Amino acid sequence: MDEKTRTAAGIAAGLQGLVYDHKRLAEIAAEVEILNDALRKAAAARLTFDDEPAAFASVMAREAK
C-alpha cells in the first residue's frame with residue numbers, strides 16, 4: 001500500500017469510522033488526488049497568500065458549480 005492509500009485509509013478509519021478494502025482505498029486516493037490538484041490550480045489562479053480565508057470557501061463554492 002502506497003503512502004496516499006495509507007493516508008486515505010487513516011482518514012476513512014480515524015475520522016469517518018469507515019473501513020474499505022485495499023482496492024477501494026486506492027481508488028479513493030486517486031479520486032482525492034485529482035480533486036485536490038484541480039482545487040489547488042483553481043485557487044492558485046484566483047487567490048493570493050494575503051486573501052481572507054473566506055475567499056477560499058468562495059472559490060470552492062464557485063468551482064463546485
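Trainee: Is Asp37 buried, partly exposed or exposed, by relative accessibility?
Mentor: This is a predicted model, where local features need pLDDT of at least 70, side-chain atom pairs count only at pLDDT 80 or more, and totals for chains, interfaces and linings use all residues. Residues are numbered from 1 along each chain as its sequence is written, and side-chain values use heavy atoms, with hydrogens and water left out. Buried means under 20% relative accessible area, exposed over 50%, partly exposed in between (1.4 Å probe, protein chains only). Asp37 has 33% relative accessibility, so Asp37 counts as partly exposed.

Trainee: Which element has the lowest mean pLDDT?
Mentor: pLDDT is the predictor's confidence in each residue, from 0 to 100. The chain mean is 89, and 98% of the residues reach 70 or more. Helices (H or I, at least four residues) and strands (E, at least two) are DSSP runs, numbered from the N terminus. Helix 1 has the highest mean, 94, and the lowest, 82, belongs to helix 3 (residues 53–64).

Trainee: How many nonpolar residues are in the contact of helix 1 with helix 2?
Mentor: Contact means heavy atoms within 4.5 Å. Lys4, Thr5, Ala8 and Ala9 in helix 1 meet His22, Leu25, Ala26, Ile28, Ala29 and Glu33 in helix 2. Ala, Val, Leu, Ile, Met, Phe, Trp, Tyr, Cys and Pro count as nonpolar, Asp, Glu, Lys and Arg as charged, and the others, Gly among them, as polar. Two residues are polar, two are charged, and the nonpolar ones number six.

Trainee: Which side chain makes a polar contact with the side chain of Thr5?
Mentor: Thr5 is buried, at 7% relative accessible area. Beyond four places in sequence, Thr5 contacts His22, Leu25, Ala26 and Ala29. A polar contact is a pair of N or O atoms within 3.5 Å; within protein, one must be able to donate a hydrogen and the other to accept it, and residues adjacent in sequence count only if both atoms are side-chain atoms. At 2.7 Å, the partner is Asp2.

Trainee: Which residues does Leu39 contact, leaving aside neighbours within four places in sequence?
Mentor: Leu39 lies in helix 2. Leu39 is partly exposed, at 25% relative accessible area. The contacts are Phe56 and Met60.
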